[in-house]
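Subject: Structure handover

Hello,

Here is the structure you asked to look over. My notes follow below it.

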Amino acid sequence: MNIIAGGRNMLDRLPPGDPSRTKLDDLAMALFIRFRKAGRMDDLEVSISLYRRALELRPPGHPLRSMSLSNFAIALSTRFAQTGRMEDLEESIALDRDALKLHPPGHPLRSISLNNLAVTMQTRFQQTGRIDDLNESIVLHRDALGLRPLGHPERSMSFYNLASAVQTRFKQTGRMEDLEVSLRYYEEGADHVFSNTLTRLGIAVRWAALARSQSHTSTLKAYRLALSLLESSLVINPTVQMQHKILSGKNGFPILAADAASYAIEIGEVTQAVEMLEQGRALIWSQLRGFRTPIEQLREVNKGLADRFLTTSRELESLATSSESKPITSQDIATGASQKLVDEMYSRKRRSSSEMEDILSRIRATSGFEDFLRARRFSVLQEAAVEGPVIIINHSEYRSDVLIVLHDHPPISIELDPKFDADCFLLLEDLKTALQKVQTEPNACDAGIEGVLEFLWHRVGSRVIEKLDELGIEKNTRIWWCPTSFLSALPFHAAGPIRVVNGRKQYLSDDYISSYTPTLTALINARESKPGIRRHDIGRPRLLVVALPDESIPLVEKEYRAILKDRDFVKCLVRKQATREAVIDKFRDHVWVHFACHGHLNREEPFLHAFQLSDRDRLTLLDIIQSNLPNAEFAFLSACHSAGQVIDMAYGEVLHLSAAMQFSGFRSVIGTMWAMADDDGPFLAKEFYKRMFTEEDSPELGFKRSARALRETIQRLRMRRGMTVSRWINFIHIGA
């Protein structure tokens, strides 16, 4: 930080008593901010030392003394949180009291001083258990709230602080009156529309957790508001990177929908549970999809309104997926880099969002469009199961359940065993450990993966299949898996073994044709007819192959040649031809695409997951979602990790390359859950496309044939000498 180095040099040159030395406070603040970002204790120690010297230079009567008192108190309180030194906390309280005296009734900063002292008093109670400290904290918080009337931006935070203190007293005394008061304060804080949306969201999450722990009647209301605020928090954040940061934080937001659904199931509201999961998961995709809503019907009624909607939607989508000169990363925001750009984006976002609110209100006031872009009801969502059941697996610390969605029946719930939640965390670690050996120790890798598959069969799969049998769902028909949270990283399609026939293990994939879908809406959209599709593409669709063989994947050469063989409707971009610009350009002219190249996961920024192209060029996830391909149908992503994701990153969002391809327009996508073997590419290409280009089925079902074709191809792959489990279960089908 240049300000810090410059400030130190300036102060070193100033003689004692120089009035410029009062800038010690500024330098102390800069060091304190750097400590907050980098966590270096040396910065905090020097900051405290400078604050102490700055306070000495601002004696009683100095106009800035109260500011020095408050800043010094906060720094000491922060050091207490790091070290537990009670003398720091005691001094912080004394400083806060002195600051409050300098902010008498009527002073504009009095509410801040009241709040600061209330927080430190509550902290001392947590250390000593002295109820008088807690009671004083509550009184101070209540006084601060009284100075933040309706419309004050910090009113929600005052409600939160007061609710938290009263909740703490409830835990100490068990007084039901305190419980009711605390819940009421949480509700009022979450409801205050003039406060920051993220603040309100955090309060609503806290309200729901407390209400649920006490079996309170407001629990469902709290969850509903929290889900609504979660959606709103994305609307007001300009870019997908910023939205992802919100959804991947350690704040309870990533698991909110799953927890809300688990409560709805608990009270018998299974239909509402399905709606909540749909509302609170894959939010980034849902928001972007809303910007691409087809509005032909609206145009017939009100062309001007339809055009306004399209224009504003394109502005919002452009803003959300904008990378300017480079993507704005979470690090950029944390360090304050590109702040001017960020501010401009927020300003544009506010203007466009306000315009969109007005447009939506006008559209919904139009007869026949009352539910335009509203959260879909179950009666609409169950259309996802028109071609086969959708199996949602909800994972929550409260309870875990399977929800089977049928197109002509209310959703069916199956409660999983109480240890499922905790055991799944261990299972995920087992899978990670196994996959680390996928190339170096294939047998050890298989042993670990087989343990994962057995777990999935005994704890989930067997119960699902038993229920499907009861429902009369025939074998060898299609089913869709829709796992929540990090369960989306698990291979449910291959759970087993379910039996052994002639010495050969059989898995769930031997009985059913499995696909995956991130949400019910994504599956519905994948099946919707596309009026712009050209009929000559059907049956013999134009296929684009992007192939980049190199020393590490030399068999990509054989793979693309197996696809190209005797097929004049196949276009290949090979090696240096496969630039980012060429691939994006050819995307628009082909309804099918096959990638045979390296795939990369970016563990810091998922929107930079990418396919490796020529000359170190990359086609990123962000590039893909910026494409709009209304005629696209099918994509085979024969690349490592093309349906894989970083588990610790907003796992409810399903941010991988296959999902991006589906969002951009492809109805059916085949991807890999982890690294694939180069040896498998040519065999898969030959066997798969032989089935895709058959004349046996109706040509109109070309892309839908991909799920069955993949299953049959994988069955052949399993018969190859030396085949391992980790290789054949790696390929999954997503979409219609």
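A residue is called partly exposed when its relative accessible area falls between the buried range, under 20%, and the exposed range, over 50%. Please keep in mind that the model is predicted.

By that scale, Gln 214 is partly exposed, because its relative accessible area is 34%. Gln 214 sits in the loop between α10 and α11. Leaving out residues up to four places away in sequence, Gln 214 touches Phe 170 and Leu 179. Leu 179 is 35 residues from Gln 214 in sequence, and their C-alpha atoms are 8.8 Å apart.

Overall figures

The protein has 736 residues, of which 57% are buried. Its secondary structure consists of 31 helices and 16 strands. Among contacts with a separation of 6 or more, 71% join residues 24 or more positions apart.

In soluble globular proteins, nonpolar side chains tend to be buried together. The largest nonpolar core here contains 100 residues, and Trp 285, Val 390, Phe 595 and Met 661 have the most contacts inside it. Helix α11 (residues 219–235) contributes the most to this core, namely 9 residues. Apart from this core lies another, of 85 residues, which includes Val 402, Ala 434, Val 438 and Ile 449.

What does Trp 285 contact, leaving aside its neighbours within four places in sequence? The list is Leu 621, Ile 625, Glu 653, Val 654, Leu 655, Ala 659, Ala 660 and Phe 663.

Buried items

Helix α24 (residues 520–527) has 8 of its 8 residues buried, so α24 is largely enclosed by the rest of the structure. Among those buried residues are Thr 521, Asn 525 and Arg 527, along with Leu 520 and Ile 524. At the start of α24, a side-chain oxygen of Thr 519 comes to within 3.0 Å of the backbone nitrogen of Ala 522.

Asp 88 is a residue of helix α5 (residues 86–101). Is Asp 88 buried or exposed? Asp 88 is buried, because its relative accessible area is 1% and the cut-off for buried is under 20%. Setting aside neighbours within four places in sequence, the contacts of Asp 88 are Leu 76, Arg 79, Phe 80 and Thr 83.

A nonpolar patch on the surface

Leu 150, Val 193 and Phe 194 make a nonpolar surface patch of about 360 Å². Val 193 belongs to the loop between α9 (176–191) and α10 (197–213). Its relative accessibility is 56%, so Val 193 counts as exposed, the cut-off for exposed being over 50%.

Regards

Notes
Residues numbered from 1 in each chain as written. Predicted model: local features only at pLDDT ≥ 70, side-chain atom pairs only at ≥ 80, totals over all residues. Heavy atoms only, no water. Core = buried A, V, L, I, M, F, W, Y, C linked by side-chain atoms within 4.5 Å. Buried < 20%, exposed > 50% of the residue type's maximum accessible area, 1.4 Å probe, protein only. Helix = DSSP H or I, 4+ residues; strand = E, 2+ residues; numbered from the N terminus. Contact = heavy atoms within 4.5 Å. Patch = residues over 30% accessible without salt bridge, like charges linked within 9 Å, V, L, I, M, F, W, Y side chains within 5 Å. Areas by Shrake-Rupley, 256 points an atom, 1.4 Å probe, with all protein chains shown as cover. Salt bridge = Lys/Arg side-chain N within 4 Å of Asp/Glu carboxyl O. Polar contact = N/O pair within 3.5 Å; in protein donor to acceptor, adjacent residues only side chain to side chain.
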